[in-house]
Amino acid sequence: RIKIKELLATKPESQTVTVKGWVRTFRNNQFISLNDGSTINNLQAVVELNSISEETLKRITTGACLSVTGELIPSLGKGQAIEIKVKELEILGDNDPEKYPLQLRNKPSLEYLREIAHLRSRTNTFSAVMRVRHAMAFAVHKFFNDRGFFYIHTPIITGSDAEGAGAMFRVTTLDANNPPRDEHGKIDYKEDFFGRETNLTVSGQLEGETYALALGDIYTFGPTFRAENSNTTRHLAEFWMIEPEMAFYDIQDNMQLAQEFLQYLVGYALEHCAEDLEFLNKRALEEEQAKPQDQRSELSLIDRLKFVADNDFQRLSYTEAIDILKNSNPNKKKKFQYLVEEWGVDLQSEHERYLVEKHFKKPVILYNYPKDIKAFYMRQNEDDKTVAAMDVLFPGIGEIIGGSQREERYERLVKRVNELGLPEKELWWYLDLRKFGSAPHSGFGLGFERLILFVTGMTNIRDVIAYPRFPGNAEF
Ligand code: 4AD
Ligand code: MG
């Protein structure tokens, strides 16, 4: 068996080949358009008249799975260089078009396809998205490997709460109907599998830091879980995150790496996923055209990718951003749902998008956020008000990366942990890092699905992961 991607790159030198795949269309009882998932392109297999039994012909339907053997010849038709002249044809899996969920609707919507997530992989859109997703995962490893970073597998089940956000999924083997209780009537987690409360990780950062302070440069790449209300087009309850952590990097080095990383990934997609991107570009254009004129994006998907790959990101402090937002509204017209009135508030996605899409018209890195809206581990600046945090904001996406320089000074960190009422005792191992050979270090987290959204031009995060997890949905 040879894959279609490989075949299409070969010359038709009257060789006999076998191809296996699924029927996309079957025209005139003669022309089979076959796809095997290796590429967005189909291979045409031509059935000679009377060479196949009536009964078999009837079974060649859209969605059926076939094995086709025949001679590779130059194609007479338009749009393809080669085709197969069928000698043998075997039906591997029948498909009844009357019952096939993908064919029950003309142009099935993305919403409908989410309900048949086990079949949507057979559409051009989802197979293209998944091939790009694969390429991006590979490029992540290549980028870091080429720079001497080590891939660390951090635990999925943890006893810690890295972000202090409290939105975690509990992991327990206790009987939900009849859990053991302590003398105060509270559930006694000492009786639980691990002898304590545990949850699914929200981030591998803290464990990653322990290895950065031993191996220098590391990264994690794994699933993370948040039990927050993720009923938006940008949030999932289960998503994949890439978290590099670098010893001896300050916040400037961190911003530089984040930019180079994103530009590398986007450049890699342009170079290695050209055919899928061309298809997705057309798809995105059609979607844009369905929108009102003033809501259409100025650049096509591919132009947007090229722009990001080739231009420096705009860096500015949170304080500068607040000034821009305040002054963006001289007439006090209700431009934002949430008005930015004072320094210290968290920015909403509408503000982030204003900065990126309207004001600067390029990716933005915001840094030095108020400490009260950021996590406990971020390095405190000398002004006593801000921390060395950074967020990378992308057009159409909003926050794609969040990161910071870490607080490496033991006393300062303990003080902050206590100010925030976090459990100092449970963080003993994290605090130890600052006691024994501490070092300045920095890192960030890239939400993998947000990257895939940007690169594929898809608009809902539920459409760039095979089986999305969100409130009320774990069917598959
Ligand atoms: O900003 P976040 O919460 O940062 C962290 O978790 C840090 N521990 C990262 C670090 O410094 N090592 O999340 C990082 C990124 C966000 O910028 C966003 O892209 C993505 O993860 N993200 C989500 N993606 C999909 N669904 C969600 N619910 C997400 N929450 C965060
Ligand atoms: Mg964040």
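The legends below describe close-up views of a predicted model of a protein chain with a ligand.

**View 1. The protein chain as a whole.**
The chain holds 13 helices and 16 strands. Of the 476 residues in the chain, 34% are buried. Among contacts with a separation of 6 or more, 68% are between residues 24 or more positions apart.

**View 2. Domain 1 and domain 2.**
The domain assignment gives domain 1 as residues 4–99, and domain 2 as 124–167 + 202–463. The centres of the two domains, taken over C-alpha atoms, are separated by 45 Å. Where they touch, four residues of domain 1 are in contact with six residues of domain 2. On the domain 1 side, the touching residues divide into one nonpolar, three polar and no charged.

**View 3. The shell around ligand 1.**
Ligand 1 is surrounded by 23 residues. The closest are Ser203, Gln205, Gly402, Gly445 and Gly447. By residue class, the shell has seven nonpolar, ten polar and six charged members. At least two shell residues come from each of β11 (238–247), β15 (398–405), β16 (441–447) and α13 (448–456). The most come from β15, which gives six residues.

**View 4. The open sheet of eight strands.**
Eight strands form this open sheet, and their order is β6-β10-β11-β16-β15-β14-β13-β12. The pairing is mixed. At the edges are β6 (150–151) and β12 (314–317), each of which pairs on one side only. Strands of a sheet pair through backbone hydrogen bonds, either parallel or antiparallel. The next views look at pairs of neighbours in this sheet.

**View 5. Strand β15 and its partner β16.**
Strand β15 is mostly covered, with seven of its eight residues buried. The pairing of β15 with β16 is antiparallel and runs over five bridges. Two positions show how the strands line up. Serine 404 stands opposite glycine 443 in β16, and isoleucine 401 has leucine 446 of β16 as its bridge partner.

**View 6. The hairpin of β14 and β15.**
Strand β14 (residues 386–394) is joined to β15 by six bridges, and the two run antiparallel. In one of the pairs, leucine 393 has glutamate 399 in β15 as its bridge partner. The two strands form a hairpin, with three residues between them. Glycine 396 lies in the turn and has a positive phi of about 75 degrees.

**View 7. Strand β11 between β10 and β16.**
Seven of the ten residues of β11 are buried, so the strand is mostly covered. In the sheet order, β11 stands between β10 and β16. Nine bridges join β10 to β11, and these strands run antiparallel. Threonine 224 stands opposite phenylalanine 239 in β11. With β16, strand β11 pairs in the antiparallel sense over five bridges. Here methionine 241 stands opposite glycine 447 in β16. Glycine 447 is also among the residues closest to ligand 1.

**View 8. Helix α5 and what its buried residues pack against.**
The buried residues of α5 are Gln205, Leu206, Glu207, Gly208, Glu209, Ala212 and Leu213. They pack against β10, β11, α12 (428–435) and β16. One of them, Gln205, is also among the residues closest to ligand 1. An α-helix has 3.6 residues a turn, so residues three or four places apart point the same way. After α5 comes glycine 216, whose phi is positive, near 90 degrees.

Alanine 474 lies in the segment after α13. Is this residue buried or exposed? Alanine 474 is exposed, because 11 other C-beta atoms lie within 10 Å, and a residue counts as exposed if there are 12 or fewer. The C-alpha atoms of alanine 474 and threonine 172 are separated by 19 Å. Along the chain, these two residues are 302 residues apart.

Technical notes. Residues numbered from 1 in each chain as written. Chains lettered and ligands numbered in written order. Predicted model: local features only at pLDDT ≥ 70, side-chain atom pairs only at ≥ 80, totals over all residues. Near = placed C-beta within 6 Å. Helix = DSSP H or I, 4+ residues; strand = E, 2+ residues; numbered from the N terminus. Nonpolar A, V, L, I, M, F, W, Y, C, P; charged D, E, K, R; others polar. Domains from an automatic or database assignment. Contact = placed C-beta atoms within 7 Å. Pairing = 2+ DSSP bridges. Buried ≥ 20, exposed ≤ 12 C-beta atoms within 10 Å, placed from the backbone.
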